[in-house]
Amino acid sequence: MRWGKTSRPGSRRRLTWSNDEWNRAAALCTGQLPLVWLAWWSIMEARRDDYDQRGGAYLGIFCVLLILPLLGLLHATVQIMPAATLVRLRPRAARGPEWAWYLGGSVLIGTGWSVLGYALWGWPVADTLPWFAGAGALPVLGLVRLHGRPWGTWAVWLRSAGASFVLFVVCGVSAASLTGQYEPPELSDGQFVGDWRGADGGVLRLTPDGQAELTRVPAHNDVDEEGDFAVCDGTGTWTREEGNDLRDTDRDGLLVRLDSTCGQETYWTVSGTERNPELFVLFGDPDAGELRILTKR
């Protein structure tokens with residue numbers, strides 16, 4: 001019996017999914033997840049600043065590897081197999097290649113999830129639609145390609161994992177060479193002057209004569225342990241610096257010194273872009289410290 005066909009003339013179409021179909025869909029979805037993550041990283045994260053947070057985020061990748069089969073099964077359940085059901089419900093007179101119908105059904109289901117995300121959580125459709133619609137392309141095309149091939153339960157998983165590993169390495173090397181690394185902007189003294197604001201309402205006001213005015217701005221404590229810092233109000237001075245040996249960084253920034261006893265001098269590192277510059281400081285452990293960011297408006 002062919003996938004999506006009836007078992008005999010005049011019988012109803014089979015809308016349920018066999019264990020073999022579901023297993024293949026889950027294996028293909030699991031195999032493509034590392035590639036989806038790599039695409040997301042290349043587009044969204046490769047050229048972003050890590051704010052000197054080194055290493056900790058990559059530990060999460062190994063945790064995700066342990067649940068990849070569950071994520072693949074979930075993806076197959078909510079997109080790939082419903083797409084297969086839509087194809088089986090198409091009019092009998094409808095013509096065209098099988099792969100095109102499955103691809104269209106997957107895109108339609110992905111579009112539905114994108115619209116649902118906008119309705120429930122306000123996710124922008126323009127941002128989510130390419131990901132939701134495109135995430136089903138490889139699995140549905142793979143299902144059509146595998147149709148009729150006598151692969152066992154574990155064979156499809158092993159081949160999917162092998163193909164995923166090879167593609168991940170090849171695409172990963174290509175993405176790393178094309179995207180490059182993040183480069184912070186080079187700000188002049190005049191670009192430092194102005195108001196820098198934090199998400200928690202803090203304001204660091206810098207004047208052309210080197211004076212600084214702080215309103216709820218964090219600063220290093222006398223003993224900076226486990227991310228301890230003080231939130232300070234008052235006045236002080238600022239100087240532009242190229243790197244800072246005390247904070248173990250070679251990136252440009254500015255050193256803020258307070259006139260009061262609230263906190264020590266604090267080095268704010270330059271981040272962001274030329275159009276939207278940022279200043280940041282990481283208190284405590286570089287892997288899991290307290291990150292504070294100021295943006296200029």
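Predicted model: local features only at pLDDT ≥ 70, side-chain atom pairs only at ≥ 80, totals over all residues.

Tutor: Residues are numbered from 1 along each chain as its sequence is written, and side-chain values use heavy atoms, with hydrogens and water left out.

Student: Why is α3 called roughly antiparallel to α5?

Tutor: The axes of α3 (residues 98-121) and α5 (residues 137-146) cross at roughly 150° and come within 9 Å. Axes are lines fitted to C-alpha atoms, for helices over the stretch in contact, and angles run from 0 to 180 degrees between N-to-C directions. Angles over 145 degrees count as roughly antiparallel, and therefore α3 is roughly antiparallel to α5. The crossing is right-handed, a term used if the near helix is turned clockwise from the far one by less than a right angle.

Student: Which residues make the contact of α3 and α5?

Tutor: W99, Y102, L103 and S106 of α3 meet A137, V140, L141 and V144 of α5, where contact means heavy atoms within 4.5 Å. By class, this contact has 7 nonpolar, 1 polar and no charged residues. Ala, Val, Leu, Ile, Met, Phe, Trp, Tyr, Cys and Pro count as nonpolar, Asp, Glu, Lys and Arg as charged, and the others, Gly among them, as polar.

Student: At what angle do α3 and α4 pack?

Tutor: The angle between α3 and α4 (residues 125-134) is about 145°, and their axes lie 8 Å apart. Their crossing is right-handed. Residues in the contact include W113 and Y118 of α3 and L129 and F132 of α4. The classes here are 7 nonpolar, 4 polar and no charged.

Student: What makes a space a cavity, and what makes it a pocket?

Tutor: On a 1 Å grid over the protein atoms alone, a cavity is a set of points where a 1.4 Å probe fits but cannot get out; a pocket is an open set with protein on both sides within 12 Å along at least five of seven lines. The whole structure has 1 cavity of 30 Å³ or more, and the largest cavity holds about 30 Å³ of space.

Student: Which strand gives the largest share of the lining of the largest cavity?

Tutor: β3 does, with 4 residues. L214, V256 and W268 are among the lining residues, whose classes are 7 nonpolar, 2 polar and no charged.

Student: What lines the second largest pocket?

Tutor: That pocket has a volume of about 330 Å³. Its lining has 17 residues, and L28, G142, R159, S160 and A163 are the closest to its centre. Helix α6 (153-179) gives the most, 6 residues. The lining divides into 9 nonpolar, 5 polar and 3 charged residues.

Notes: Helix = DSSP H or I, 4+ residues; strand = E, 2+ residues; numbered from the N terminus. Parallel < 35°, antiparallel > 145°, perpendicular 65-115°, else oblique. 1 Å grid on protein atoms, 1.4 Å probe; cavity = no way out; pocket = protein on both sides within 12 Å on 5 of 7 lines; lining within 4 Å. Points joined across faces, edges and corners; volume = space filled by probe spheres on them.
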